[in-house]
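Work through the exercises below with the sequence and the coordinates at hand. Each task is followed by a solution in steps.

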Amino acid sequence: MVMQVDAIVDIPAERVKFFGTTGKMLLPSPATLKAAIQTIPRGQLLTTERLRAHLAAHFKVEAVCPVTTRRSLKALAQTGDSPYWRVINADGGLNADYPGGVTAHANHLRAEGVTIDVSGKKPKVSAYQTYLPR
């Protein structure tokens, strides 16, 4: 289920170990992700982990749900009205859930001057740390 509006909920007891804390968790909507992604300059990237950390700080919560983030990011990508391709996986990998899969994701990034390494099993952004905001 894709959230139509943001929700802040208690971190479920069974997820405390995963998050390493108790407290509140954000379930982000596509609109919230869109607003955050639109601040990423052309040629720069953000990992899903950094995106969630940014949202956690902005909403003053202890965590952001990775499952809801993924679903909302996929929904946002399907609308095509934001530079969703600037969000990559935590290890620099490309997102197969985006429209057109990793091939289209790579093409969007190359168009912005980002170098893609295709030598491994899965394409990744080469030296992805150099494209992250400081």
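Two strands count as paired if DSSP finds at least two bridges between them. The model used here is predicted.

**Exercise 1. Work out the strand order of the open sheet and say which strands stand at its edges.**

Step 1. Take strand 1 (residues 7-10) and strand 2 (residues 24-27): four bridges link them, in the antiparallel sense. Within this pairing, V9 has M25 as its bridge partner, and A7 stands opposite L27.

Step 2. Take strand 2 and strand 4 (residues 63-64): two bridges join them, and they run parallel. Here M25 stands opposite A63.

Step 3. The three strands then give the order 1-2-4 in an open sheet with mixed pairing.

Step 4. Strand 1 and strand 4 each have a single partner strand, so they stand at the edges and one side of each has no neighbour in the sheet.

**Exercise 2. Classify the angle between helix 2 and helix 4, and list the residues that make the contact.**

Step 1. The axes of helix 2 (residues 30-37) and helix 4 (residues 66-79) come within 8 Å, crossing at roughly 75 degrees.

Step 2. Angles of 65 to 115 degrees count as roughly perpendicular, so helix 2 is roughly perpendicular to helix 4.

Step 3. Helix 2 contributes P30, L33, K34 and I37 to the contact, and helix 4 contributes T69, S72, L73, A75 and L76. By class, these residues are six nonpolar, two polar and one charged.

**Exercise 3. State the volume of the largest pocket and describe its lining by class.**

Step 1. The space in the largest pocket is about 190 Å³.

Step 2. Its lining is made of R70, N89, D91, G93, L94, N95, A96, V102, K122, P123 and K124.

Step 3. Sorted by class, the lining of the largest pocket has four nonpolar, three polar and four charged residues.

Definitions and conventions
Residues are numbered from 1 along each chain as its sequence is written. This is a predicted model: local features need pLDDT of at least 70, side-chain atom pairs count only at pLDDT 80 or more; totals for chains, interfaces and linings use all residues. Side-chain values use heavy atoms; hydrogens and water are left out. On a 1 Å grid over the protein atoms alone, a cavity is a set of points where a 1.4 Å probe fits but cannot get out, and a pocket is an open set with protein on both sides within 12 Å along at least five of seven lines; lining residues have an atom within 4 Å of a point. Grid points are joined across faces, edges and corners, and a volume is the space filled by probe spheres set on the points. Ala, Val, Leu, Ile, Met, Phe, Trp, Tyr, Cys and Pro count as nonpolar, Asp, Glu, Lys and Arg as charged, and the others, Gly among them, as polar. Axes are lines fitted to C-alpha atoms, for helices over the stretch in contact, and angles run from 0 to 180 degrees between N-to-C directions. Angles under 35 degrees count as roughly parallel, over 145 as roughly antiparallel, 65 to 115 as roughly perpendicular and the rest as oblique. Contact means heavy atoms within 4.5 Å.
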